[in-house]
Amino acid sequence: MTNPFGYSGKRVVVTGGATGVGAALLDLLAELEAEHVTVLDVKPPSAAHDVYLETDLADPAAVDAAIAKIDGPVHALFNNAGVADTMPPRTVIAVNYLALRRLSEGLLDQIPEGGAIVNTASTAGSQWPSHLEALNEVLDLEDWAKTLAWIDTNLTDLDVLPYFFSKELVQVYTMRSSRPCVRRGVRTNSVCPSPIDTPLLADFRATMSDKLIDWNVSETNGRLVTPREVAMVLAFLGADASGYVNGVNLLVDSGFTAAMTTGQVDFSGMA
Ligand SMILES: NC(=O)c1ccc[n+]([C@@H]2O[C@H](COP(=O)([O-])OP(=O)(O)OC[C@H]3O[C@@H](n4cnc5c(N)ncnc54)[C@H](O)[C@@H]3O)[C@@H](O)[C@H]2O)c1
């Protein structure tokens, strides 16, 4: 009998597989016997994979070139690459949202019925309800250049960091696209981790402050989530085992959001 959690016979595409969560996912996909793994990244991955396409996801022409080189079928697409606000706002929005969307839509015809798209979002995007009108306006633009022009003009007025806004876009895009996709038999979900023990955390410490990150960790369960713990949830959402899960932004935060929502988080450490 086929293991519903496994990847035997599946062809997979992973963005951001060089380090952190993506590298842990490559290790896991090897353990789960994925048939073929293509990695898109600016840096070459050292973990197991079959094809590496050097791709700068901030560049739409590079994304299109990668799409043209990918041999389907693609049973699972993991849009995992991401950058922090140490990069310019245009780069953050391009890598974290625009490339994710362009790849998803560009590869959709190659994803067979029963396939899955899994996005790495973040708890940083969980405040999307307070910006929903603006988020829908941006999502309606569809176009890469128009979206960046909108960001140039409007983001400062919203008083939200580009990284947070990019992850809000990913969460709302995940929900919006899940309906048309599932009508073609393709599920779309995201994972929303709290701070992860990866190289990117140093960038978050630089842009959000040590105080905010340390407070978040101490108000969670006292430790960071590991890349492998996030990769295991990604792998679940890409596998047959989650066959009726669609349009979900799945928190991987050890209950931090639940505690926030029910008024159990102590904000005095942030005073
Ligand atoms: N680290 C955290 O605390 C945290 C928390 C929540 C969500 N996330 C998200 O997890 C995902 C994985 O990040 P990570 O923490 O493993 O960080 P990481 O820096 O280890 O991995 C990011 C990967 O993306 C690649 N990448 C960066 N810019 C790129 C570009 N322009 N084109 C192609 N590839 C590019 C990097 O080379 C790297 O392999 C990201 O989407 C990030 O936003 C991270």
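Start at Glu142, in the loop between α4 (132-141) and α5 (144-158). Helices (H or I, at least four residues) and strands (E, at least two) are DSSP runs, numbered from the N terminus. Residues are numbered from 1 along each chain as its sequence is written. This is a predicted model: local features need pLDDT of at least 70, side-chain atom pairs count only at pLDDT 80 or more, and totals for chains, interfaces and linings use all residues.

**Stop 1**

Glu142 counts as exposed because 12 other C-beta atoms lie within 10 Å. The cut-offs: buried means 20 or more other C-beta atoms within 10 Å of the residue's own, exposed means 12 or fewer, and partly exposed is in between; C-beta atoms are placed from the backbone.

Now select Ser209. It sits in the loop between α7 and α8 (210-218). Ser209 is not a glycine either, yet its phi is positive, near 90 degrees. Ser209 is exposed, with 12 other C-beta atoms within 10 Å.

Next, pick Gly72 and Pro73. The peptide bond from Gly72 to Pro73 is cis, with omega near -5 degrees. Pro73 belongs to the loop between α2 (60-69) and β4.

**Stop 2: the sheet**

Show the strands. Seven of them make an open sheet, in the order β3-β2-β1-β4-β5-β6-β7, with parallel pairing. Two strands pair if DSSP finds at least two bridges between them. At the edges are β3 (51-54) and β7 (249-252), each pairing on one side only. On average, neighbouring strands of this sheet are turned by 15 degrees against each other, direction ignored. Axes here are lines fitted to C-alpha atoms, for helices over the stretch in contact; angles run from 0 to 180 degrees between N-to-C directions.

Zoom in on β4 (residues 76-79) and β5 (residues 116-120). They pair in the parallel sense over four bridges. Select Leu77: its bridge partner in β5 is Ile117.

Move on to β6 (residues 187-193). Seven of its seven residues are buried, so the strand is largely enclosed by the rest of the structure. Which residues of β6 are buried on each side? Arg187, Asn189, Val191 and Pro193 lie on one side, and Thr188, Ser190 and Cys192 on the other. In a regular strand the side chains alternate between the two faces of the sheet.

β6 pairs with β5 in the parallel sense over five bridges. Val118 has Asn189 as its bridge partner in β6. On to β7: four bridges join β6 to β7, running parallel. There, Cys192 has Leu251 as its bridge partner.

**Stop 3: the nonpolar core**

Select Val12, Leu25, Leu77, Phe78, Val230 and Leu234. These have the most contacts inside the largest nonpolar core, which has 68 residues. Such a core is a set of buried Ala, Val, Leu, Ile, Met, Phe, Trp, Tyr and Cys residues joined through C-beta atoms within 7 Å. Helix α3 gives the most to this core, with 10 residues.

Centre on Phe78. Neighbours within four places in sequence aside, Phe78 is in contact with residues including Val12, Val14, Leu25, Val118 and Leu234. Contact means that two C-beta atoms, placed from the backbone, lie within 7 Å.

Now jump to Val172 in helix α6 (residues 162-182). Val172 counts as buried because it has 22 C-beta neighbours inside 10 Å. Residues up to four places away in sequence aside, it touches Trp128, Leu135 and Leu139.

**Stop 4**

Select Gly22, in helix α1. Is Gly22 buried or exposed? It is buried, with 27 other C-beta atoms within 10 Å. Its contacts beyond four places in sequence are Val14, Gly16, Gly17, Asn80 and Ala81. Gly22 and Thr120 are 98 residues apart along the chain, and their C-alpha atoms are separated by 9.7 Å.

Finish at the ligand. Of the 29 residues around it, Gly16, Ala18, Gly20, Gly82 and Leu200 come nearest. A residue belongs here if its C-beta atom, placed from the backbone, lies within 6 Å of the molecule. α1 (20-31) and α7 (200-208) each supply at least two residues of this shell. By class, the shell has 16 nonpolar, 10 polar and three charged residues. Ala, Val, Leu, Ile, Met, Phe, Trp, Tyr, Cys and Pro count as nonpolar, Asp, Glu, Lys and Arg as charged, and the others, Gly among them, as polar.
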